[in-house]
Each structure stands twice: as structure tokens, then as C-alpha cells.
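Take a look at the model before reading on.

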Amino acid sequence: MSLSPTSDIVGASKKSGGLIGLLLVAVPVLLIGWMIIYPIIAAVITTLWLRNDAGAYVFSTQTYRFFFTDGYSLANLGLTLWTTVVCAIILLVVCLPIALYLRFATGRLAVYVQGLAIFPLFVPSIILSYAFIRVLGPNGMLDILLNAAHLPKIRSPYLTPWGPVIGLVWDHIPLTVLILMAGLGSVSDASIEAAKDVGAGPVTRLWYIILPRISNSILVAASFAVLGIFSAFTLPYVLGPAAPEMMGPFMQRTFRDLYDPPNAITQAVVSFGFCIVFGLFYVRSVVRNQRAR
Amino acid sequence: MAVLDIKGVSKFFGSAVRAVDDFDLTVGNGELVCLLGPSGSGKSTLLRMIGGFETPSAGSITIDGDEVIHLPPERRPTGMVFQSHALWTHMNVFKNLAFGLKLRRLPADEIRRKVEDVLKLVGLTGYGTRQTHQLSGGQQQRVALARSLVLEPKILLLDEPFASLDQHLRERLREEVRDIQQRMGITTLFVTHGQDEALSMADRIVVMRDGRIEQVAAPDMLYREPATPFVAGFIGTMNLIEGEVKGGKFVRASFSHPLPIADGPAIFAVRPEALAIAPATGEGAARIHRVTDYGTHGLVDLELPDGTRHKAMVSEARDWKAGQPVTLAPRAFAAYRDNAVAYRSSTAS
Amino acid sequence: MLLAYDTTKLKPEDAPKTWDALVAWIKANPGQFIYNRPDKGGAGGNFVRRAIWEVNGRDPSKFTIDNYKEFGDKALPPAWELLKSLAPSMMDQGAYTSGNTQSIQLLSQGAVTMVPAWSDQALQAISTGVLPETTGLVQLTDLALAGGFTKIGVFTNGVNKDLALKLCDFVLTEEIQSAVITELGGFPGVSWDYVSKELHDKYKDVIPASIPVFPSGDWEKNINDGWYRNVAPNVDRSK
Ligand SMILES: Nc1ncnc2c1ncn2[C@@H]1O[C@H](COP(=O)(O)OP(=O)(O)OP(=O)(O)O)[C@@H](O)[C@H]1O
Ligand SMILES: [Mg+2]
């Protein structure tokens, strides 16, 4: 599928001696090693070898034990997982129809819809946050409109867990729509018309023809959303409740306000652990997909 | 099995494009009709309207007397085979073929039987468990054909199904399709822009141009008696010489030939094989520009003094040389005026 | 540090001028007050510190930069109780903004009636129209909200000591001291003698008798974390 370019590179290298292929991948692999793998290992080491009172470094799982027995930390982790799952579900529910519409619609309106769907990509989170307060915050634009229509005010999602959810969903719509559209691009018109021809109605076509063809894209979109949301900072920081807080603000606060690097890094390692689970899901599906081909 | 009746069908895209323009055609029971025409002449558009993928701007389409225009594709008794990329790549061959049958809620063993029958029909017995990407291009198009056939449609629509295949495969597959179509007696519309394909398969050929019918005829008639200069030029090779008729004589530059029609402009049409040439002693009517040797015969490019080129077939290429002056003697010919036949010599071929 | 409020909803003469009056007003007007998380901006941070002083005899001198170890466990828990008792009367039954700016935005949208704010930020917001002209400012008179100073230090052995002192003289002129109020929205940290009478009268409601300062050191980290663990959660916001 369109989002697994590595397969081609690896495939090509097998045929043409491999050395050029190896050189081509060496740079990104080294960069990943230096900027991602090494910090991860360093982080794990820092949190497991702690300095004791005598000044010596000893192995200790103390920061992890603290994290997993501390109700406050667990509540933060729970909120993060909840936000991530809810956002991912809402994103797919919102973006799939948009992507389907953009794939199959023709004409002027589709161009505008596409522009609108991509627009959040160009809006920095911090601007989005304040716009959110103005529109959905207490006495915001929505309340003013409701009031004009003699309807009661809404219970504003600002400073509740739904605040970050709405902001993050909005923020991730462009990427999700783009990934899903890339997947839908590989579904040919003819294959869908052929399905119509043998008698498949709209729902059957979606379920048996379109969705199976883009299952990989859906997984990629979900993984990207999950990874982006799990570690989100600005939107949860500005729009979310004081407590529980998402891991992003929690880590930042632990590090910067509490001057507590070991616990902040522990929180980061725990977050990383969850993200890698999603990552493995994605890798597994890509591999399985390639084997099927 | 079924009769397809198309009456006054038009399709406009926007205000400028008349893809299909007031089209009438009746396809008889079990008949195979080829739609032939240059690119953009509206063949696919017409086929897609019959299959339900486009809505006509005007006109009616009936199958066995039932109006189908307001039915979506999934409710029409038609089966369409697309040019390419139409197989469902996430399903194996069996599932591709069984999908439509499952939608019709047939029992599993009947589905299995039907799929196996149709696989045998298209010569792919035992290929059911293959993934689509494990098939060659020709096999893929056979599966696409089988997918339509297995549902036993009343009307089979094929839109250049072999266009992406090489010459050999195309020839073999069109014979197979012709066989299957005749064995099943299925009413078929076949779009192509290859005249060989049309001439070798069709019961009748519809030549289209700019969304309109130029001529409908059996293949042999189409070749022998093209109704318009366009058809004449499109089917086979034809020398179309534009000139004037004056006093019962057609004249173009140094070429002239008796033509018993009223004075005025005319197009003189003669096929290369009906144009005899002989060495001229003086200037002659034309000069040989080039000689091509095909072994079995030769093709001579002729140039009239005004620079226009025409072709003549000769039995022995080595008898002729470039630069040689020749006289022209049409054995059989036709003349067109106002886009219609004005005269046809009795032995027109 | 002072309190900014909406004079269309709260008349200046009714504005609370002591901590007790403020607490009484907050409880009498649920949902009309919000302060930001103490680590996310000085406004909320100093409001929380004012609460800590309040439950410790209103005596800033008890807190020094190095006495958290012996005094912290005694000083902070009562303050958490006090702040927790305020939570249900906050906007949305215990919401806390994540910055000074958001509090001011909520005040400007009329979502709340009063927020603690930095004097400079509030005055600037009024002068740029972010907050309406009808915004009132008030300072607590029993003990001011904690504030912060901007200092100029001069090295006794500095190479350009004379020039530096000249700069200090310049900063102490009436022109600059007035500008601190009118342009920057701060308060003269030195003496009100350096500003004109009209300016003094205009801001007399917000002039603190003195500007108390809360020490940082270990206090900072423990106030921040303590607030997050004790005050921010444990509220039922579903009502
Ligand atoms: N969706 C469309 N929108 C606008 N114009 C179209 C559309 N589909 C077809 N046309 C136009 O209609 C005309 C007929 O197109 P059509 O595809 O039927 O031609 P065709 O005979 O099948 O050509 P080809 O041999 O190249 O397949 C062309 O001029 C084409 O540009
Ligand atoms: Mg076509």
C-alpha cells in the first residue's frame, strides 16, 4: 500500500547486490539510533540506576513502583489512555466519511471541503486553544448563538477532559483524512463499479470492498493519531482540567516545576511503553500485509 | 435471451461536451455488436449508460421491454467487464467470483458449483485459490469476464477488456469470448477501437463518431460498402481523393476518371488493392514516392503533382522503383458527396 | 498582584478588600471566580500563597527561603483545606485555568466576575481593550497578594558605577515612575512620592501598604505539587 515505501527499497536491495540499498538506509538508521534509540536506552538506565544517599548508583525500581502505586500518577495515565482511545474513535468516525466524500465526489464543493479539512494543519495549537476558549468556552460564541436562539447555554467542555478531546480531534483531522485518502486512492473506480455491477449496494460496497482495501491505512491513521495524542502537550495543557492531567503536561510539570527528572523520565518511559505497543500493532499489520502480497 | 433497445439516448457533460448524441440502436437476442470509433467518440459513455454508471441526459434504454434508466447498476440485469484494475485484490479468485452470488443468497454448494463451472468456461480450472496478483494480465481479464458471466446477465457489456494486453493474447481472448458468447447465446455489446477486433468478432458493427452513429452494418458490408468517407477511411485503408466532377469526369490534379454524377465537388474513394498502376511513358498521373516490400505483396506510395499522397497495392514490390512515373487505373471505387455515397462502381470491393 | 473584576456585576464599593471578605464573596457567588494553576502563572501562584499566609497568621515573615523542611508540613495542609473548601464555588465547580492569560480571557468573556491578575497584565489588557473600561482592580488591604519586584543592582566596584547610578537616578524620576504605572502597569516599588497626586488617587484602591513576597526555595516545588495532589483533584465537577 501507499504508506509502506520501505518494502520497495528492501525488495530492490535484495535484487541488486544489497550494498547500495544498505547505504541508502544507513543514514536514517544511524539517525534513528542516535536520536531515538540511544535516548530511550539512556532514559531507561537513568530511571533504573538511581543515586543513593551515599552518592553511589544502585539498581532500583523505586520510581516505577512509585508511579504504579501513586493514585495521582495512575489517574493521569488513565486519563491519557481514555483521551487517546476516545480521540482515535472519534477521528475515524469523523474522517472516514470526509475521506470517502473527497475520494468519490467531483466538482467545486469537494475542493472547498478538502481545503477545510486540511486547514487545521496550518493552525498552531496555541492559537487553536484560544480560539477554542472563545468559541466553546463559557459565554463563547456558541453560547452567544444559543442565547440568540433562546436556547440554554452549553456546559462548556473547556477545562474538562472533553476540551482536549475536541481540540485534538480537530488538530488531527488533516493528517487522518490525508492518510485515509491515500488509502482510498488505491481503490480503483473500476473495482467499485464492478461491485455495483454484481449487485452490491452502498453499505455492502463500503464493508466488503472499500474497508478491507484500506484497512492498512485505517491502522496507520489510527497509529499516527494515537502516537500524536498520547504525547500531546499544548492542547491538554490549555484546555484540559488541572487534574487529572494528561501525560504530556504531567511530564513537563514534573520536570520543570517539581525539578524531578527521575520521575519525569519514568513517566516518559511508561508513555513510551504504551506508544510502542501501538507501534508494534502497526508494524505487524504492515508486515502481514506484505506477506499477503 | 434478451433484447436491448436504445432510443434517442444523449449524454451531455456540461453544456459543451455532447459525448453521446441522440443514439438509436437495437441489439437482438444473442447478438454481439461491436461499438467501434476513435478515441472520445462516446463508446464508453454509451456502455456506461447501459450499465447504469452514467445517467442519460435524454432518451430511453429498455431490456426485454423494461425501462432500466432509473435503476442503479446493482439492480440492472447487465454485466460489465472493465478495461482493467477491476478485480478485488483483497479477495482470491474464488471469492471474486462468488461475491455476486453470495449477495443473491444462493446456497454455498450452488455457489461452489457455479464458480467451478465458470472457471472451466474461461479456462481457469483450479485457479480458485489464487490471489489476483498471482495471475497474468490475460488471466485477470478472464476472471473479470467470469465474474460477470457467473451471474448470467441478460446483457454483457465489455469496455475494451483486452486493451491492456499484447496482440497475441488479445487475439486468443477475443476468439474465446466469441465462443463463450455464442455458446451461451448472450446478448453482448463490445467496445473497441481496434477494427480487427470488431471485424473478427461482431455480428454487426456500429461505427461511432462524435457521439453519433456513422454506420451500422455487418463486418463484410462495412468494409465493402462504407456509407461515409469517415467509415471508409476508418475501416481498412482507403484512398480518399478530394476533387471536382466536371462533365462526367472526376478530376484532381493530374488524376482523372469517368464518374457519372452531376458536376460539383466529390470525394473519390478507392482501396489500395483496387488501384492498379502501370508504368507511364511520359509524365503519368502520379510519381512513385516509396515502395514497401511485405513479401507477399508490396505497397506503393504515390504522389500526385500537387503533393497529395495515396497508396496502391502491387503483387511484386521489386517491379517498382521510387521516382518512377505511373498511370492510375481504379478497378472498383466509390464517390461521396455531402457525406453520403453518390456513386459506387458495380464491382466495388 | 491584585484582583481584577467586572464592575457591571460587582460595584466597586462592594468589592472585597480583605481575605475574609473575598472568601465570603466567592462562596456567595459560586461560579464567578477562577484562578489559574499555581505553577502556570504568577496570578494563581500568588493567590495560593496568599491563602497559605492566611492560615499561618497572615505573617509573611514566618516563611523564609530555607525553612520549608521544618515548617512546610505544618504550614501547607491547612491551606489546602481552605482552597479545597473554595473549589465548589469556582467556575465549573473547581476548574482552574492553565495561565494568567486564560483567566483574563474568561473575565473578558463575562464567564466569571473576578480573577486574580498581575497588575501590569491587567492594566495593559484594559489599555489595549482586551478587558473593557468597566474592569475594576482591587487589592486586599489586610495583607496584599504576594507580588514580585523588578530590581536594579549596582556593583560597588563596577567599572561604570557612576553611569549606573545615573541610570538609577533616571529611573527614579517622576516621569519614569509614572510610566511604570501608566505604561507598564506596575507599582512604584520605591516610593509613591515619586508620582503625581492624580495618579496616586486614581490607583489608591490597589496600592498595597507593602508588597509582601513569598520565598522560593523548596517552597515553590512543594506548593506546586501539593496543590496538584490536594486541591486540583478530589472535586466533584459532575454537578
Ligand atoms: N465524466 C466526464 N466529464 C466530462 N466529459 C466526459 C466525461 N466522460 C467522458 N467525457 C467526454 O465524453 C466524450 C466521450 O468519452 P468516452 O469515454 O465515451 O469516449 P470513448 O469513445 O470511450 O473513447 P476511448 O476510445 O478513448 O475510450 C469525450 O469527449 C470525453 O472527454
Ligand atoms: Mg472508452
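A polar contact is a pair of N or O atoms within 3.5 Å; within protein, one must be able to donate a hydrogen and the other to accept it. The model is predicted. Between chain A and chain C, 11 residue pairs are in polar contact, both residues at pLDDT 80 or more. Helix H4 (71-104), helix H6 (125-136), helix H11 (234-239) and helix H12 (247-256) of chain A each give two or more residues to the side of chain A that touches chain C. H6(A) gives the most, with 3 residues. By class, this side of chain A has 14 nonpolar, 7 polar and 7 charged residues.

In contact terms, 28 residues of chain A meet 28 residues of chain C. The two chains bury about 2,400 Å² between them, with 49% of it on carbon and sulfur atoms. The interface holds 3 salt bridges. One of them joins the side chains of C:Arg229 and A:Asp70, at 2.7 Å, N to O.

Now a residue of chain C. C:Asn222 sits in helix H9 (residues 218-231). Leaving aside neighbours within four places in sequence, C:Asn222 is in contact with C:Tyr68, C:Leu76 and C:Trp80. A polar atom of the C:Asn222 side chain lies 2.8 Å from the backbone oxygen of C:Asp218.

| Residue | Relative accessibility | Class |
|---|---|---|
| C:Asn222 | 22% | partly exposed |
| B:Cys34 | 0% | buried |
| C:Cys168 | 18% | buried |

C:Cys168 counts as buried because its 18% is under the 20% cut-off.

Technical notes:
Residues are numbered from 1 along each chain as its sequence is written. Chains are lettered from A and ligands numbered from 1 in the order in which they are written. This is a predicted model: local features need pLDDT of at least 70, side-chain atom pairs count only at pLDDT 80 or more; totals for chains, interfaces and linings use all residues. Side-chain values use heavy atoms; hydrogens and water are left out. Helices (H or I, at least four residues) and strands (E, at least two) are DSSP runs, numbered from the N terminus. Buried means under 20% relative accessible area, exposed over 50%, partly exposed in between (1.4 Å probe, protein chains only). Contact means heavy atoms within 4.5 Å. Buried area is the accessible area (1.4 Å probe) that two parts lose on being put together, summed over both. A salt bridge is a side-chain nitrogen of Lys or Arg within 4 Å of a carboxyl oxygen of Asp or Glu. Ala, Val, Leu, Ile, Met, Phe, Trp, Tyr, Cys and Pro count as nonpolar, Asp, Glu, Lys and Arg as charged, and the others, Gly among them, as polar.
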